[in-house]
Amino acid sequence: MANRTDIIGSLGKGLQVIEAFGAERPRMAISEVAEATGLDRATARRCLLTLHELGYADYDGKFFTLTARVLRLGMGALAAMPLAQLVQPWLDQLSDRIGQSTSVSILDGTEIVYLARAAQRRVMSIGLMPGSRLPVHCTSMGRVLLAALPRDQALTLIMTSDLTPRTAHSLTDPTEIMDRIDTARVDGYAVIDQEVEPGLRSIAVPLYSVHGRVIAAVNTGVAAVQTDAVDLVGLYLDPLLKVQEGLRRVLR
């Protein structure tokens, strides 16, 4: 642990301000940022003006919005992660083989974060890329990642998640969601049927390190043209497991 004297408090506050912006709050006034971060108004103002001066935020005299420069922070970190570099060739090959888009993600609290992606066709209305986030509870990769956790820890994450339904197919009962996670733990894979977006199905398997620890998940998302979502198992589970086995020998 670092000594308190080694911690730059102003840097931490600046990062809090950046993290306050999101899809629901893309444009905020100083008072709104202060409320969202718990910082006093004067501190929020200084942080925002600093971000504006450095090119990380736009300011129209009342409202602040983040600029694309902020992406450098996240994209640089993603690019430096060995995991993303290791899995990309495997994703590219898998995507070419099955003719579908494939992705790898990791767990970050109640969300999954995309680390790498090979896109064949766009089956979601939102564009996914490294750095994109989706809820952990209603995604195939999220469920296999939760299945790798101790059950009480997975349940805690579900109970603290925003379970607002995204589609008419979304599961919102924590008990039912946990049942699906328990099934994924036994089966070694998870299938999602139009819970994230209408017309989208996906199947995911965990990715193991050479030491047998689950460190990420890989999936493919496809248009819901099959008779039943379970058909994804016969179509795509074997190719996913081949990637799982290949990466198990190199991931640390």
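Ser-140 counts as buried, because its relative accessibility of 1% falls under the 20% limit for that class. The structure described here is a predicted model. Ser-140 is found in helix α6, which covers residues 140–147. Leaving out residues up to four places away in sequence, Ser-140 touches Ala-190, Ile-192, Ser-202, Ile-203, Ala-204 and Asn-219.

The domain assignment of the protein gives two parts: domain 1 spans 9–73 and domain 2 spans 81–249. Taken over C-alpha atoms, the centres of domain 1 and domain 2 are separated by 32 Å.

Ala-29 is placed in the loop that runs between β1 (27–28) and α2 (30–37). With a relative accessible area of 11%, Ala-29 is buried. When neighbours within four places in sequence are set aside, Ala-29 is in contact with Lys-62 and Phe-63. Between Ala-29 and Leu-48 there are 9.5 Å in space, C-alpha to C-alpha, although the two residues are 19 residues apart in sequence.

Ile-8 belongs to the segment before α1 (9–20). This residue counts as exposed, because its relative accessibility of 54% is over the 50% limit for that class. Together with Leu-11 and Leu-15, Ile-8 makes a nonpolar surface patch of about 290 Å².

The table sets out the accessibility of the three residues discussed.

| Residue | Relative accessibility and class |
|---|---|
| Ile-8 | 54%, exposed |
| Ala-29 | 11%, buried |
| Ser-140 | 1%, buried |

How values were computed:
Residues numbered from 1 in each chain as written. Predicted model: local features only at pLDDT ≥ 70, side-chain atom pairs only at ≥ 80, totals over all residues. Heavy atoms only, no water. Domains from an automatic or database assignment. Patch = residues over 30% accessible without salt bridge, like charges linked within 9 Å, V, L, I, M, F, W, Y side chains within 5 Å. Areas by Shrake-Rupley, 256 points an atom, 1.4 Å probe, with all protein chains shown as cover. Salt bridge = Lys/Arg side-chain N within 4 Å of Asp/Glu carboxyl O. Helix = DSSP H or I, 4+ residues; strand = E, 2+ residues; numbered from the N terminus. Buried < 20%, exposed > 50% of the residue type's maximum accessible area, 1.4 Å probe, protein only. Contact = heavy atoms within 4.5 Å.
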